[in-house]
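Me: I'd like to go through this one with you, a bit at a time. Let me paste it first.

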Amino acid sequence: MSSNASSVGIVSAQRALFETPLPLAGGTVLPSYELVFETYGQLNAARSNAILICHALSGHHHVAGRYSEDDKAAGWWDNMIGPGKPIDTNRFFVVGVNNLGGCHGSTGPSSIDPASGQPWGSRFPVVTVPDWVTAQARLADRLGVERWAAVIGGSLGGMQALQWSINYPERVANALVIASAPKLSAQNIAFNDVARQAIITDPDFCGGDFYAQGTIPRRGLRLARMLGHITYLSDDGMGEKFGRMLRSGEYKFGYDVEFEIESYLRYQGDKFSDYFDANTYLLMTKALDYFDPAKDYGGDLVAALQHATANFLVASFTSDWRFSPERSRETVKALIAAGKRVAYAEIESVHGHDAFLMTDEPYINLMRAYLQRVAVEVAA
Amino acid sequence: MSQPVSALRPDLQMIADWVSPGSRVLDLGCGEGDLLAWLQAHKQVSAYGVDFDVNNVVRCVAANVNAIQGDLEAGLAEFADQRFDHVVLSQTIQAMHNTEQILLEMLRVGREAIVTFPNFGYWENRWQILKGRMPVSDDMPYQWYNTPNIHWCMLGDFDELCAKNGLRVVERVVMTGGRRVTFLPNLRGSLAFYRVTRG
C-alpha cells in the first residue's frame, strides 16, 4: 500500500425508496423497497467515474471509512478503497449498496412489510443475482450514473459483476470478477444446504417468523457461520494460524473448547449470530445456488457473454478451495471464446477464499494497475 | 486507447513484421507485454498473452495487454481451436519440458506458429564447447547449473521436429546482433525465427 494512502474518513449511509414494483425472477413482485447505500468521492461532470462495489454473502453497503471517530471497525473493504488506495476515491465515485433481502438496512425479511405492518419473515420472496442487479441499476439511475466505469465484486459480489456485464452490457465499462465462479458446484451447494439446515432446524427459527416470537435462531446461525468460515480459510492458513494449539496447554478429555481453532470458530459464530439475520442468510445462500447466467442460453456461458461489451479482470487465489482457480478459469475460457478483452491472474496466497479481502502484494498491485487503466479510460 | 510504445527489441520487431495488421494474435510467454502493446498500437491486432509470472501479468494489465496467467506446460486449454492467426512463442521453447506438445497446441489454436529460439549451433557456442565449457552469451545468459533452458537445438533439429509432425516451415530467418544472416546460418546465426503452419 502506498504510503500516502488514507481513509475516506467519516462516512454515513443514505437511503433510497423505490416505489416502482420490482418483478422478481421467482415470479413474485416486490411492490416497493428501500436500498441503503454509501458513496465516497465525487461523481465527475461527465458522470464517467462511478464504481459499484457488490458485496458477498455477509457484506453490506458500508465498504469504506468509519461512522465516527471512535468507530473501531472500518468498512469491509477499507484496505482497497480510499484516497490513494487501488480503488482511489480521489479519482472515482464509489458506491456501496446493501442488496435486497439484506439485513443492514435495505428491504429484507426483517423489514416491516407495509402491507401487513409486520416483519416480512417467511413471506419475503427469494431474490436472485439478476434481481439484485436490476435493483442496483435503478439505484444507478437515481444517482445519475448511466454507465459504471467498473462494477467490482468478490465471491457472490463477483457474480453480480458478471451478471451486470450480461444484463446491462452498455452500462458496464469494466467488470472485475474476483474469487468467483460462473455457477456453484454440487459441493458448494451442499455446503450451503448444511448451513441452511442448521438454521431451519433450530427451534427458535419458527419457520422464519421468529421476530414475532421474540426469538433468534442463534444456534443455527452460529453453526452456519462456523461451517462457512471453515470453507473460507485454507487448510494451510488455518494450520499456520492455529495448528493444534490448546487454550490451556493440555487435554481436558471433555467437550468444552480446548483447541484454539474451536475457540476461534465459536467466537466468529457467536459474533455473527448477534448481528446477522437468519432469513437473510438463507436467502443469500439461495442466490448463490441459483446463480447460473448460462442457464438462459442453453447452458452456454459463451453465448451468455456474447453481448457483453465490458473489459474484464478475473482473479483467483491459489489456496481458495470454495471458489478455486479452476472455476475462475471457466469464466476466463468463456470470455476468451466470446472474444472479450480479459486479463486473468492467479494470486499466490495462503488466505483461502478470504484472500479477496486481504492485501497480498500481487493482488493489490494487480488491482492498482487495472484501476489505473480504468481511470485513464474514463478520464477520472 | 493506445499509449506511446517505445521501440521494440530487434528480435521482437522481426516477429512483429510477420504479423498481419488487424489479425488475432496469441503471445505465449508474453513477459511484460512489449510485443503485444506494440502490435496493438501499430497493427491494431486483437491479442492475448499468456505468462506464468503474476508480476508480468500485472505489468501487462498496466500496458493494456490482455494477459492470462497460466502454465504453458499444461497446454492451452483456455483457447479454442483455430482462434488465432498468429501464435508466438519467443525464446521460450528451449525452456519447456513439453516441447513437442506446445508446438502442436500452437497450431491447434492458431493458423500459424511463430517460434524463435537461440541457435545452439552458433559458432560462438561451438567455440566455447571446444574450449571445454558450456556456452554463455547475451542470448544464453545462464550457467549450466542455473539455466532454465533444457532443450537446446540447432536449425536442423527444429526442421526435423516440424517434419516429424507434418508441419510446414513457411519461412525461416536467422539473425545475429539484430542483423539477418543468410550465409551459413546454422554457424553464423545466434537467433532463429520460424513461421510454421500445418502441412
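Me: Is A:F253 buried or exposed?

Reply: A:F253 is exposed, at 75% relative accessibility. The cut-offs are under 20% relative accessible area for buried, over 50% for exposed and in between for partly exposed, with a 1.4 Å probe and protein chains only. Keep in mind that this is a predicted model, where local features need pLDDT of at least 70 and side-chain atom pairs count only at pLDDT 80 or more, while totals for chains, interfaces and linings use all residues. Residues are numbered from 1 along each chain as its sequence is written, chains are lettered from A and ligands numbered from 1 in the order in which they are written, and side-chain values use heavy atoms, with hydrogens and water left out.

Me: Good to know. How many aromatic pairs are there over all chains?

Reply: The search of the whole structure gives 26. One of them joins A:W148 and A:W164 edge-to-face, at 6.2 Å centre to centre and 85° between the planes. Rings of Phe, Tyr and Trp (its six-membered ring) pair if their centres lie within 6.5 Å; planes under 30 degrees apart count as stacked, over 60 as edge-to-face and the rest as tilted.

Me: Where do A:W148 and A:W164 sit in the chain?

Reply: A:W148 is in the loop between α1 (129–143) and β11 (150–154) of chain A, and A:W164 is in helix α2 (residues 156–167), 16 residues apart, so the pair links distant parts of the chain. Helices (H or I, at least four residues) and strands (E, at least two) are DSSP runs, numbered from the N terminus. Both tryptophans are buried. A:F253 has a ring partner too: A:Y251, edge-to-face at 6.0 Å centre to centre and 85° between the planes. A:Y251 is partly exposed, at 45% relative accessibility.

Me: Which rings link into a cluster?

Reply: A:F272, A:Y275, A:F276 and A:Y281 are linked by ring pairs. A:R225 also lies over the face of A:F272, at 4.3 Å from the ring centre. The rule there is NZ of Lys or CZ of Arg within 6 Å of the ring centre and within 35 degrees of the ring normal. In chain B, the charged end of B:R83 sits over the ring of B:F84, 5.3 Å from its centre.

Me: Switching to cysteines: how many disulfides are there over all chains?

Reply: Zero, by a search of the whole structure for cysteine sulfur atoms within 2.5 Å.

Me: OK, backbone next. What is the phi of B:N64?

Reply: It is positive, about 65°, although B:N64 is not a glycine. Most residues other than glycine have a negative phi. B:N64 lies in the loop between α3 (54–62) and β3 (67–69) of chain B, and counts as buried at 10% relative accessibility.

Me: Last topic. How many residues does the contact take from each chain?

Reply: 19 from chain B and 23 from chain A, with contact meaning heavy atoms within 4.5 Å. The two chains bury about 1800 Å² between them, 57% of it on carbon and sulfur atoms. Buried area is the accessible area (1.4 Å probe) that two parts lose on being put together, summed over both.

Me: Which salt bridge does A:R329 form?

Reply: A:R329 pairs with B:E78, the closest N and O atoms being 2.3 Å apart.

Notes:
Salt bridge = Lys/Arg side-chain N within 4 Å of Asp/Glu carboxyl O.
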